[in-house]
Amino acid sequence: MFNVYLPLFLSFFSHLADGRLNTGHAGVLLAERRGSYPLIDLRILKSNAQQGEVETGTRRKVKRLLSFQRYCHASRLLRGLVSHSPGSLHLLDDDYLGQAAHMLSKVGTWNFDIFLFDRLTNGNSLVTLMCHLFNVYDLIHHFQLDMVKLNRFLGMVQEDYHSQNPYHNAVHAADVTQAMYCYLKEPKLAEHLSPLDIFLGLMAAAAHDVDHPGVNQPFLIKTRHHLASLYQNTSVLESHHWRSTVGMLRESGLLSHLPADMSQDIEQRLGSLILATDINRQNEFLMTFREHLDNQDLDLQLSSHRHFILQIALKCADVCNPCRVWELSRQWSERVCEEFYRQGDLERRFDLEISPLCNQQADSIPAIQIGFISYIVEPLFEEWHRFTEPSLLSQTMLDHLHKNKANWGSLRCAHTPSDTQSCSQAEEPEGGVGEGADIS
Ligand SMILES: *[C@@H]1O[C@H](CO)[C@@H](O)[C@H](O)[C@H]1NC(C)=O
Ligand SMILES: [Zn+2]
């Protein structure tokens, strides 16, 4: 079975090799994506801070460095060289590949271990998973996709996730894609979905956080990052993920054989899906969803209604970590909090106000998770449960969610034995998840 994937790996690696040689080909389309590369480089900030500059000098320097494009470009190339040198091919041991292929035969199960899958595929979980799912749905044949272009596109997407982010990296994207696949299979939804719906759902999941800088929107706004002004302080990250995806679609030529109006429609719908993951728009989507369910007026024969459900499904997939089995869920929690804390450390070091949830001393992992579950995840999955009913998966997810919340509750008490108030009020954590808490 694995023989199907080996050529994909090889062409993936050769794509990277080509990419290094051909960076001079960067045309207009490249500029759209790569010119706005928002890497926040901790090493370069650190070394400046350690040189003990006077306060104001340091602050001025941060602003300059945060938009230092030339350095970022070099760093981007370096990332490709370090993590995917041809020498790492020997790591693609037959035994690992066999195990990865075996895992793919169970890709639709909710306890799928994406961390293990990523190790077995040598860090290529996103590309491998997407290729597999495109085959499962026969999308390559249906859309007459060119395999070389498809691999080039997927390789670019995976590569443009920042592997140094504890949370917003390609493994998160693969995890969201796997969850999305599980939701696309829900009986209530599956029979109505067109190949285009499935294509869009998987593509949006895979690309929804691409090139995420590891800091949230308020951070980009207050450091006057050029992306914040480009997107006028609104859905800054999500807009960037979408426009980056469009750039990569055009650069790879994946859709170039389709009629112009169709590829334009795909780009627009991808945007509408990716922008729906902006957590600041959570209530807007939740209320509309609730209204539809109350009125029982969803008609999945309508393309617009199916699109809305795809938006909801992607939102669910994006925040489904607390609905996974505890051992996986806990790892995601630690990762996302580590990313918050790193932002907090950065803010502290440069005398910026520390963002909500980003203060390691004040915001414990259990407290952050309980807030996230209570305000974001539970309300959304309760409605998803209503929509999918009767669904074994939704019941399983809610069971995990309640267990995990209880686990965090007892961990919080264990960590703060003197703070009885926070123990007894596990349902209502102080300083919950609001503006600026960009969890997804
Ligand atoms: C974005 O926010 C910054 C900082 O609050 C502000 O100075 C700027 O005017 C805002 N830009 C837009 C387009 O709202
Ligand atoms: Zn995400």
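Modeller: UniProt positions are given here in the numbering used for this model, with shortened feature names, and such annotations may be inferred rather than shown by experiment. This is a predicted model, in which local features need pLDDT of at least 70, side-chain atom pairs count only at pLDDT 80 or more, and totals for chains, interfaces and linings use all residues. Residues are numbered from 1 along each chain as its sequence is written, and side-chain values use heavy atoms, leaving out hydrogens and water.

For "binding site", the unreviewed UniProt entry lists His-168, Asn-169, Ala-170, Val-171, His-172, Asp-209, Asp-318 and Gln-369.

Take Ala-170. It is found in helix H11, residues 170-184; helices here are DSSP runs of H or I, at least four residues, numbered from the N terminus. Ala-170 counts as buried because its relative accessibility is 13%, where buried means under 20% relative accessible area (1.4 Å probe, protein chains only). Ala-170 touches Leu-126, Gln-158 and Tyr-161, not counting residues up to four places away in sequence. Contact means heavy atoms within 4.5 Å.

Now His-172. This residue is also listed in the UniProt record and is found in helix H11. His-172 counts as buried because its relative accessibility is 0%. Leaving aside neighbours within four places in sequence, His-172 is in contact with Tyr-167, His-208, Asp-209, Asp-318 and Trp-332. Among these partners, Asp-209 and Asp-318 are themselves on the UniProt list.

Methods. Chains are lettered from A and ligands numbered from 1 in the order in which they are written. Helices (H or I, at least four residues) and strands (E, at least two) are DSSP runs, numbered from the N terminus. Buried means under 20% relative accessible area, exposed over 50%, partly exposed in between (1.4 Å probe, protein chains only).
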